Amino acid sequence: MTASQQPSTADALRETLTAYLDGELGETEQRAVEELLARDETARRELRQLERVWDALDQLPRAEVDTRFAQTTVELVAVAAEEEWREQRDAVPRQRRRARLLVAAGFAGAVVLGYLLVGGLAERRDARLARDLPLLEHLDAYRQMQDYEFLELLEQEGLFTEEAAHAR
């Protein structure tokens, strides 16, 4: 244990010493704790207190566990496993509902977008037809004309204006 790895609080020191007493530390950590104990009186005092607690715990009578305890424990584990399984099972339909909802929302969005696009195209087509209506009304007559200059002459005389069209 380096200086930066040393416990910074009393709880951390207690935790490290507890692990030391339980034999849970690796060789390097164990050596670091022993070095700490060699130079730090607070750490040694804390270790002695923990050892006294360990000794006192060893003096307590051992509880005897009957077979019913094991059976109850297994039943509790089974119930917990069943609850976890139910939660997972119930989560799957929710995920499917979300996926279906997303697909439905996407489909509805596509329908709305398509409607707007088609509606916009229809409006443009209608506007174009309305703009070209005077030309279409006289298209047969225009097709019989052989000369473009003659049409320009008719236009200059105001024959193609709206007022002239309404006069007819």
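How close do the axes of H1 and H2 come, and at what angle do they cross? They come within 10 Å and cross at roughly 120 degrees.

What we have here is a predicted model, in which local features need pLDDT of at least 70 and side-chain atom pairs count only at pLDDT 80 or more, while totals for chains, interfaces and linings use all residues. Residues are numbered from 1 along each chain as its sequence is written, and side-chain values use heavy atoms, with hydrogens and water left out.

Let's take the whole chain. The protein chain has seven helices and zero strands, and along the sequence the pattern reads α-α-α-α-α-α-α. Helices here are DSSP runs of H or I with at least four residues, strands are runs of E with at least two, and the numbering starts from the N terminus.

Now the overall dimensions. The radius of gyration of the protein chain is 46 Å, whereas a compact globule of 168 residues would be near 15 Å. That radius is taken over C-alpha atoms, and the globule rule is 2.2 Å times the number of residues to the power 0.38. The C-alpha trace spans about 125 × 50 × 25 Å along its principal axes. Of the 168 residues, 10% count as buried; buried means under 20% relative accessible area, exposed means over 50%, and partly exposed lies in between, with a 1.4 Å probe and protein chains only. Among contacts between residues at least 6 apart in sequence, 42% join residues at least 24 apart, where contact means heavy atoms within 4.5 Å.

Back to H1 and H2, then. Axes are lines fitted to C-alpha atoms, for helices over the stretch in contact, and angles run from 0 to 180 degrees between N-to-C directions. The two helices are therefore oblique to each other. For the angle classes, under 35 degrees is roughly parallel, over 145 roughly antiparallel, 65 to 115 roughly perpendicular, and the rest oblique. The crossing of H1 and H2 is left-handed, a term used if the near helix is turned anticlockwise from the far one by less than a right angle, with right-handed for clockwise. On the H1 side we find Leu 13, Thr 16, Leu 17 and Tyr 20, and they meet Gln 30, Val 33, Glu 34, Leu 36 and Leu 37 in H2. By class, that contact has six nonpolar residues, two polar and one charged. In this scheme Ala, Val, Leu, Ile, Met, Phe, Trp, Tyr, Cys and Pro are nonpolar, Asp, Glu, Lys and Arg are charged, and the others, Gly among them, are polar.

What sits between these two helices? Gly 26 is in the loop between H1 and H2, and Gly 26 is partly exposed at 31% relative accessible area. The C-alpha atoms of Gly 26 and Ala 91 are 65 residues apart along the chain and separated by 42 Å.

Next, H2 with H3. The axes of H2 (residues 27-39) and H3 (residues 41-59) come within 5 Å and cross at roughly 110 degrees, which makes H2 roughly perpendicular to H3. Here Leu 36, Leu 37, Ala 38 and Arg 39 of H2 meet Glu 41, Ala 43, Arg 44 and Leu 47 of H3. Five nonpolar, no polar and three charged residues make up this contact.

That leaves H1 with H3. The axes of H1 (residues 10-22) and H3 come within 10 Å and cross at roughly 55 degrees, so H1 is oblique to H3. This crossing is right-handed. Among the H1 residues in contact are Leu 13, Arg 14 and Leu 17, and the H3 residues include Glu 46, Leu 50 and Trp 54. Eight nonpolar, one polar and four charged residues form the contact.

Which residues does Glu 46 touch, not counting those up to four places away in sequence? They are Leu 13, Arg 14 and Leu 17. Glu 46 is in helix H3 and is buried, with a relative accessible area of 13%.

Last stop, the later helices. Arg 94 is in helix H4 (residues 67-137) and is partly exposed at 41%. Arg 94 and Ala 32 are 62 residues apart in sequence and 53 Å apart in space, C-alpha to C-alpha. Gln 156, in helix H6 (residues 148-156), is exposed at 67%. Gln 156 and Arg 94 are 62 residues apart in sequence and 74 Å apart, C-alpha to C-alpha.
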